[in-house]
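Subject: Structure handover

Hello,

Here is the structure I promised to pass on. Please open it first, then read my notes below.

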Amino acid sequence: MSSYFWYVLRRLGQFVLVVFVGINIVFFVTHATPIDPVEQAISSVTQFGQSDPRAVEIMRKALRELYGLDGTLWQQYLTFWKRLAIGDFGPSLSAFPTSVSTLIGQALPWTAGLLSTSTLIAWCVGNFMGGLAGYYRKNRLLKAVGIVATGLQPIPSYIMSLVVLIVFGYFWPILPISGGVEMNIHPGFTFDFISSVVTHSLLPVLSLALITIGGWFVGMRSLVSNIVSEDYVVYAELAGVDRHRILTSYVMRNALAPQLTGLALSLGGIFNGAIITEVVFGYPGLGTLLVRGVNSGDYSLVLGIASISIIAVATAVFAIDLLYPFLDPRVKVR
Amino acid sequence: MLKVLRDLFRHNREFAFGSILVLIVLGIVVASFFSPYPPLDSYVVPPDIPPSWDHLFGTNSRGQDVFWQLSVAMRNSLLFGISVALISRVISVAVGLVSGYVGGMVDRVLMSINDTFVVIPLFPILTLFYFMMHDHMSWALLALAMASLGWPYDARLIRSVALSLRNREFTTQSIFSGMSTRQILLEEHLPYVLPIVFSTTLNNINWSIGLEVTLSVIGLTNIETPTIGTMIYWANQHTAMVAGVWWWVLAPVATVIMMFIGLFLLSVSMNEFIDPRTRLARMGV
Amino acid sequence: MDAALSVQNLRAYYVTDYYGVRREVRAVDDITLSVEKNEIYGIAGESSCGKSTFIKTVAAAIRPPLRVLGGSIKYSFLERDLYDLDEKTLADIRWKHLSFIPQGSMNVLNPVRRIRESFQDFAFPHMRLGRSEFFDVVNQRLERLHLSPSILTAFPHELSGGMRQRVAIALATVCRPEFIIADEPTTALDVVVQKDVLALTLETQREIGSSMIFVTHDLTVHANISNRLGIMYAGRLIEEGLTRDVFRNPMHPYTQHLVASLPQIGDLTPKTALSGAPPSLAQPPSGCRFHPRCPLATDICRQTNPELITVVPGRRVACYAVMPSPEARAMTNDKFQPS
């Protein structure tokens with residue numbers, strides 16, 4: 001089992017690399033551009049009238065310290081990492097004095113829930129149908145499903161969410177189209193609360209699932225149609241092995257490993273889709289929070305969300321990487 | 001070359017359907033050069049008129065003809081998408097070929113960097129970028145930013161083609177006959193790699209226009225320039241759906257969906273045409 | 001019926017129609033042969049002569065674009081022609097009566113399943129034994145092939161090439177089928193392992209008493225294992241007889257060349273290659289397919305294809321240059337009759 005240990009170590013290294021490069025990009029974008037967020041904030045506050053220069057100076061100093069922008073570039077870099085390590089992004093300007101971490105902490109579970117539910121549904125259903133379509137190539141129903149999936153695949157997240165919103169918002173308004181839960185229900189393990197959460201999540205989950213399911217279907221179908229001509233499948237068919245067994249243990253099982261890799265690689269894109277879907281449906285996750293932050297000039301909030309997004313996605317990818325050797329035993333031997 | 005296209009059109013349904021869709025969209029784009037109204041002007045026609053013979057797709061709440069507005073918008077979006085795709089091609093092809101052909105440590109390092117970029121979620125970073133740049137944001141800048149972040153997925157595909165080429169016999173022949181690495185890459189491998197580069201370009205165009213639409217709709221780009229995204233942005237600002245001006249939203253959404261599906265079908269059918277294995281599968285079934 | 005397998009006038013082509021271009025590759029073109037009970041029938045020939053396609057046809061492993069266009073295949077354990085059977089009957093007889101040892105066992109075992117599970121998938125449904133009894137039989141067979149029972153818990157990539165080949169033989173023989181088809185099982189192995197595998201194959205066949213078709217291009221392997229030998233060229237059978245006889249006295253010019261090119265200790269004569277290249281099976285030459293490369297070719301060879309006829313009891317050759325003996329002429333049909 002020691003080869004698994006080395007494998008985990010390698011993937012951990014990749015995880016650290018991703019977080020390091022990602023956070024550096026964030027730092028680069030915020031600190032190495034000629035725009036100064038402090039000056040921006042000040043100009044938006046002072047544009048409407050007279051301001052005492054001394055008050056402005058105090059504000060400037062306070063903001064500099066808040067944003068970690070005082071000192072040399074190297075000092076700013078260190079401050080940046082230090083704050084990230086303890087999760088301190090400072091208070092949010094738009095929701096002063098609530099800290100950014102609190103806001104993110106409230107929004108993150110919604111995003112995580114949306115992401116995991118729809119990805120699970122889309123990946124499992126998409127792969128299953130795609131596998132059947134790749135194996136039973138002559139089946140008319142599966143061919144028709146294939147055409148629909150091919151049509152769905154290239155459509156970007158925003159357009160798909162918009163279409164779902166229009167269909168269920170205006171033509172067939174049977175489900176709530178915004179919010180995460182009814183406003184006046186007390187949170188807890190009550191039936192009212194849980195059912196409200198579920199009904200509010202149906203449309204965003206449907207949206208996000210539709211965005212990705214086409215890709216899984218088409219990918220699995222083409223994988224399976226290649227696997228079907230592999231030696232071990234032909235041999236098993238030659239031997240009269242039960243067809244059902246061939247479909248599950250010989251064909252689909254061998255296609256799952258590359259599809260899992262595909263999942264890890266597309267998680268960044270799915271995350272993008274998730275937060276866009278949230279914006280369309282007003283779902284209280286990181287997406288709506290991000291847009292709110294941009295619109296209100298809340299530097300710390302936007303910075304915080306960008307950093308957390310990178311860490312969250314990297315963690316999810318790392319978790320998937322850990323699962324991979326259980327699907328493909330060949331990976332243990334290196 | 002023409003014969004290949006004709007064969008594809010006749011026998012491959014996806015290619016035929018895809019080309020028709022793309023041609024329709026291109027037709028709309030070309031029409032933009034004949035627009036009777038200057039695209040940036042507003043209130044040149046009576047607002048909120050439903051589709052009619054005078055105004056094919058109706059007019060919007062800003063007093064613009066939706067059809068002519070759409071044609072310019074599609075043109076701008078398409079130009080943007082193509083520029084991003086072309087710029088990022090340079091990086092993907094370079095990384096993919098070098099990584100696949102040279103292999104070893106160089107390959108491992110490049111692919112680690114590649115996978116890093118693939119995992120990083122782009123939307124928050126682009127939003128952050130916009131936030132910092134604010135009024136200094138321009139389309140060119142956005143294109144550069146997207147191109148420098150959008151190359152890794154395609155680089156991996158190109159690398160796998162380069163890997164399989166490296167092991168083929170004609171490569172060893174070229175090495176033994178004394179060709180330099182650069183020569184081999186340019187003269188021997190490039191013709192094989194071009195079809196997949198072409199199909200990834202089409203996919204990248206789809207991707208960049210999709211991202212542009214998303215950013216514009218939230219208002220994170222220059223909303224004065226007519227693009228598909230900004231059209232939807234303005235429609236939302238004027239609450240078009242609620243006000244019943246549905247044609248303002250339908251026109252750009254339908255057109256851009258046509259283009260996405262069209263380009264996608266083209267790239268898929270080109271890939272199938274090239275790949276010898278799918279050829280065999282299609283013949284048998 | 002006496003013979004274990006009787007093939008009559010079998011034709012199987014690869015028919016492709018891609019982007020409006022129709023192409024027919026005549027991989028198996030009118031082959032008639034029979035295999036006796038408890039005999040190993042070897043099939044030899046160059047690459048792309050159609051032997052692998054013949055095997056697939058006889059094993060009912062047809063996949064598009066390969067199509068059977070005519071002829072019959074009858075096994076002794078079946079009442080009807082192989083291609084008249086429905087899916088279910090076919091699945092029943094597979095492995096229990098008709099099994100297959102594949103070429104180059106690099107990839108024939110499912111990489112995500114342990115060897116033990118492969119045995120369960122392939123053989124268990126046919127044997128009607130309890131689980132522990134089944135594995136007793138499996139272990140016995142593994143021992144015969146010099147494999148330790150511990151390999152059952154391994155994955156295919158953890159075994160060496162020779163071990164995988166032996167697992168394939170074990171898999172194919174554990175149900176004790178009446179007929180085994182072996183498609184170049186020794187080709188990918190080094191000589192030492194090859195010798196081992198051949199010996200084991202022979203031993204197993206003798207023990208079980210099954211009939212076998214053994215395909216390989218390597219004539220020296222045939223010398224060691226086949227009872228009778230059939231030579232294929234460009235989709236057709238051109239010579240057939242007892243292996244010993246074919247080696248001592250090859251009659252068809254192609255066979256003569258094959259046998260002459262085998263190196264022998266003490267023989268210093270330089271070997272010459274046959275001029276030309278094997279013909280394309282999509283556009284084969286007219287008449288006898290060997291005529292472009294045959295030193296004895298005459299006009300009739302270019303026009304009509306010679307039939308495979310019995311020239312001496314126990315020997316069939318398809319060549320105008322080889323005349324049948326009076327005894328052979330006395331026989332009214334060309335079917336091979338045991339002497």
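Predicted model: local features only at pLDDT ≥ 70, side-chain atom pairs only at ≥ 80, totals over all residues.

I start with the contact between chains A and B. It takes 47 residues from chain A and 36 residues from chain B.

For chain A the mean pLDDT is 84. A value of 70 or more is reached by 97% of its residues. Within chain A, confidence is lowest in helix H2 (residues 37–46), where the mean is 74. It is highest in helix H5 (residues 100–135) of chain A, at 91.

Chain A also touches chain C. Here the contact takes 20 residues from chain A and 19 residues from chain C. Helix H9 (231–238) and H10 of chain A each supply at least two residues of the chain A side. H9(A) gives the largest share of that side, six residues. The classes on the side of chain A that touches chain C are 10 nonpolar, three polar and seven charged residues.

Now chain A itself.

- Secondary structure: chain A has 12 helices and zero strands.
- Extent: the C-alpha trace of chain A spans about 90 × 55 × 40 Å along its principal axes.
- Burial: 40% of the 334 residues of chain A count as buried.
- Contacts: among those in chain A between residues at least 6 apart in sequence, 73% join residues at least 24 apart.

The buried residues of H7(A) are Ser157(A), Tyr158(A), Ile159(A), Met160(A), Ser161(A), Leu162(A), Val164(A) and Leu165(A).

The other is Trp81(A), which sits in helix H4 (residues 73–86) of chain A. Is Trp81(A) buried or partly exposed? Trp81(A) is partly exposed, because it has 14 other C-beta atoms within 10 Å, and a buried residue needs 20 or more. Trp81(A) and Asn24(A) are 57 residues apart in sequence. In space they are 9.5 Å apart, C-alpha to C-alpha.

Chain B next. It has 13 helices and zero strands. Buried residues make up 46% of the 285 residues in chain B. Among contacts in chain B between residues at least 6 apart in sequence, 69% join residues at least 24 apart.

Chain C brings in a sheet. This is an open sheet of eight strands with mixed pairing. The strand order is S5-S6-S7-S3-S8-S9-S11-S10 (chain C). Its edge strands are S5 (98–101) and S10 (309–312) of chain C, and each pairs on one side only. Neighbouring strands of the sheet are turned by 25° against each other on average, direction ignored.

Take strand S3 (residues 40–44) of chain C. Why is S3(C) largely enclosed by the rest of the structure? Because five of its five residues are buried. In a regular strand, side chains alternate between the two faces of the sheet. In S3(C), Ile40(C), Gly42(C) and Ala44(C) point one way. Tyr41(C) and Ile43(C) point the other way.

S3(C) has these pairings:

- With strand S7 (residues 211–215) of chain C, S3(C) pairs in the parallel sense over four bridges. Gly42(C) has Phe214(C) as its bridge partner in S7(C).
- With strand S8 (residues 228–233) of chain C, S3(C) also pairs in the parallel sense over four bridges. Ile43(C) has Gly230(C) as its bridge partner in S8(C).

Thr310(C) has Arg316(C) as its bridge partner in S11(C).

Best wishes

Key: Residues numbered from 1 in each chain as written. Chains lettered and ligands numbered in written order. Contact = placed C-beta atoms within 7 Å. pLDDT = per-residue confidence, 0-100. Buried ≥ 20, exposed ≤ 12 C-beta atoms within 10 Å, placed from the backbone. Nonpolar A, V, L, I, M, F, W, Y, C, P; charged D, E, K, R; others polar. Pairing = 2+ DSSP bridges. Axes fitted to C-alpha atoms, helices over the stretch in contact; angles between N-to-C directions.
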